[in-house]
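Please look over the sequence and the structure shown below before reading on.

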Amino acid sequence: MKTCLVVDDSKVIRKVARHILETLAFEVREACDGREALDACRVAVPDVVLLDWNMPVMSGMDFLRALRDADLPSRPKVVFCTTENGMAYIRAAIEAGADEYVMKPFDRETLESKLQIVGLA
């Protein structure tokens, strides 16, 4: 079974994403900030990380940089999931190591298409 780590400080967003991902046959784990997500990746690297941009403790961008520098056995695909829609944000996320980008609010079809793009749906 494919695995996804949903990283968002909003419990509601994590719940919605979990529901969608489980219908797509993903095993889902959750983290409420980048630091918790990095710890989760050190325990078990997921196939994909659905990552919020703006979070307390460690932002999505800081998580991406830390993930890039972390000594992990493999690198998960990363889909940024955020309300930030400016081209500068998208470019910065891709340059920092994100594989794809999805706007909030998202639905099952949108998320599934992004997961297909990164090779996981």
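Is D52 buried or exposed?

## Residue D52

The model is a predicted one. In it, D52 has a relative accessible area of 5%. Because the cut-off for a buried residue is under 20% relative accessible area, D52 counts as buried.

D52 belongs to the loop that runs between β3 (48-51) and α3. When its neighbours within four places in sequence are left aside, the residues in contact with D52 are V7, D8, D9, G60, F80, C81, T82 and K104. In an unreviewed entry, UniProt lists D52 under "modified residue: 4-aspartylphosphate".

## The annotated domain

The UniProt record, an unreviewed entry, also places the feature "domain: Response regulatory" at residues 3-119. In the model, this span is 45% helix and 21% strand. The C-alpha atoms at the ends of residues 3-119 are 13 Å apart.

## Packing of α2 and α3

Helix α2 covers residues 34-43 and helix α3 covers residues 60-69. The two pack with their axes 9 Å apart, at an angle of about 25 degrees. Because angles under 35 degrees count as roughly parallel, α2 is described as roughly parallel to α3. The crossing of these helices, α2 and α3, is right-handed.

On the α2 side, the residues that meet α3 are G34, A37, L38 and C41. Their counterparts in α3 are F63, A66 and L67. Sorted by class, the contact of α2 with α3 consists of six nonpolar residues and one polar residue, with no charged residues.

Key: Residues numbered from 1 in each chain as written. Predicted model: local features only at pLDDT ≥ 70, side-chain atom pairs only at ≥ 80, totals over all residues. Heavy atoms only, no water. UniProt positions renumbered as here; feature names shortened; annotations may be inferred. Helix = DSSP H or I, 4+ residues; strand = E, 2+ residues; numbered from the N terminus. Axes fitted to C-alpha atoms, helices over the stretch in contact; angles between N-to-C directions. Parallel < 35°, antiparallel > 145°, perpendicular 65-115°, else oblique. Left-handed = near helix turned anticlockwise from the far one by under 90°. Contact = heavy atoms within 4.5 Å. Nonpolar A, V, L, I, M, F, W, Y, C, P; charged D, E, K, R; others polar. Buried < 20%, exposed > 50% of the residue type's maximum accessible area, 1.4 Å probe, protein only.
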